[in-house]
Amino acid sequence: MSADPSATLLVNGEWRAGSGTFEVVDPATTEVIGHAAAATPADARAALDAAWAALPGWRETDAETRGGRLRAAAAAIRERADELAGRLTAENGKPLAEARGEIIGCARMLEWSAEEGRRAYGRVTPPSANGPGLTLLAPVGPVLAITPWNFPASMLVRKVGLALAAGAPVIVKPAEQTPLIATELVRLVNGVGLPPGVLQQLTTPKPAALVAELLVDPRLRKISFTGSTEVGLGLLRATGDRLRRVSLEMGGHSPAIVFADADLEAAARGVVAAKFANAGQSCTAVNRLYVHREVHDELVGRVRELVGGLRLGHGARAGTTVGPLIDLAGLEKVERQVKDAVAKGARVLAGGQRWTPDRAELRGAFYRPTLLADADEGMAVSREETFGPVLPVFAFDDEDAVVDAANRTAYGLAAYVYGENLRRLWRTVERLEFGVIGVNEPAPVRPELPFGGMKNSGQEREGGSEGIEGYLEHKAVAIRI
Ligand code: ADP
């Protein structure tokens, strides 16, 4: 890497500066902690030229060698996990323990991708009257990976690992809030001996213009996007009359259903973990908690106690369990939703307001972990993604009605179910319209399972044996003997 730490563009094997730089801040303090390069349209074109030039060589590199590179990258990430976690916390604000978990998840995802590359088999079909048929798999071609700030490490590595395992060169465009952890990871992965152009990075404070530059070029064969539903749908529309593969992982509005026979302590702990991790800024965060009326008060009491035990602060400080929101706009959205809920009859059992720390340097957007009872469907919080530390609770009596209510959302990413009766759990899982479901499991995202959403939460999957499909084309070869 160039000695200049703000030279965050990796184009054709070289780290370079852009037309200028933009500031990166610590969201807990709002202090400037570094700078990243602003890529120019010429950088974008150069990156696509290099990706196109690198495609034949990388496509023809055997899967074992490609996988070996990814395993080496995973080992490098494990070795430097603490340092990478510190960088992630500095830019994103999440507590160090969560950041470390995300970094280790990156290594696991690279290891999984390395193995999947060797298992991208294709198919031989029985001969027809004329002869045999084959289904061959080929890398999709140059990929643009657009990644978000909320999981800036794992979302990037997930895309890079699968694309590289499949033989497709990838250009990463990280979120403008978190370009430095992206740079560290790209540097590590590229550093294991990837040929120039196979992995590249463009950073920018103005993503729309830069991405538009790439979208007009027919050599860009796939966009893999994780971010807001608005931007994702915009990218889908922007493909216009030139089709290209688009995988989308967008917003969510996850229900958690707690049946009367659930282990209430495990359910309370699971829901609090799945809600307040990353200060609620996860697309899989619980956004609605449905509790059977018989156990409502007891479960809510336990949740309230756990929420009361959460500790706000700087993510790098020992003991912090909830960090800041990414910015003031995120905080204002949370505030608006809570005000609306209270005006419509919700009871605030915990939090319900901004947090003003006694340490003057913590100038970030902190909001107290909030528990709202008596929520109903008329409240904005029950429809709009919150992306903040607010948990509204709904009481329910009837299994059918609660499953219908859980499904009554434009989103379909994650859902959680707690209970013991296997028949009921199974019926519920079958009826929930969500791509990822945790049954007594607050962390249902695993490298071995496909990750992605239904409805307006997205299309295609990342992870599982389905994940690599997103980076492969199918070629049917019919042979006449
Ligand atoms: P959020 O609201 O969570 O910040 P965004 O969808 O705005 O989510 O951001 C997710 C990713 O999409 C980031 O990398 C961001 O830079 C990028 N992005 C934002 N707007 C556009 C756009 N118009 N075209 C392409 N990428 C965009």
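This is a predicted model: local features need pLDDT of at least 70, side-chain atom pairs count only at pLDDT 80 or more; totals for chains, interfaces and linings use all residues.
Glutamate 83 counts as partly exposed at 48% relative accessibility; the scale calls a residue buried under 20% relative accessible area, exposed over 50%, and partly exposed in between, with a 1.4 Å probe and protein chains only. Its side chain meets that of arginine 80 in a salt bridge, 2.6 Å from N to O. A salt bridge here is a side-chain nitrogen of Lys or Arg within 4 Å of a carboxyl oxygen of Asp or Glu. By this rule the count comes to 35 salt bridges.

Residues are numbered from 1 along each chain as its sequence is written, and side-chain values use heavy atoms, leaving out hydrogens and water.

A second pair is arginine 100 with aspartate 82, whose closest N and O atoms are 2.5 Å apart. Arginine 100 lies in helix H4 (residues 96–118) and aspartate 82 in helix H3 (residues 81–92), so the pair ties together parts 18 residues apart in sequence. Helices (H or I, at least four residues) and strands (E, at least two) are DSSP runs, numbered from the N terminus. Arginine 100 is partly exposed at 35%, whereas aspartate 82 is exposed at 53%.

Next, arginine 408 and glutamate 377 meet through their side chains in a salt bridge of 2.9 Å, N to O. Glutamate 377 is partly exposed, with a relative accessible area of 38%. Turning to shared partners, salt bridges join Arg80, Glu83, Glu184 and Arg187 into one network.
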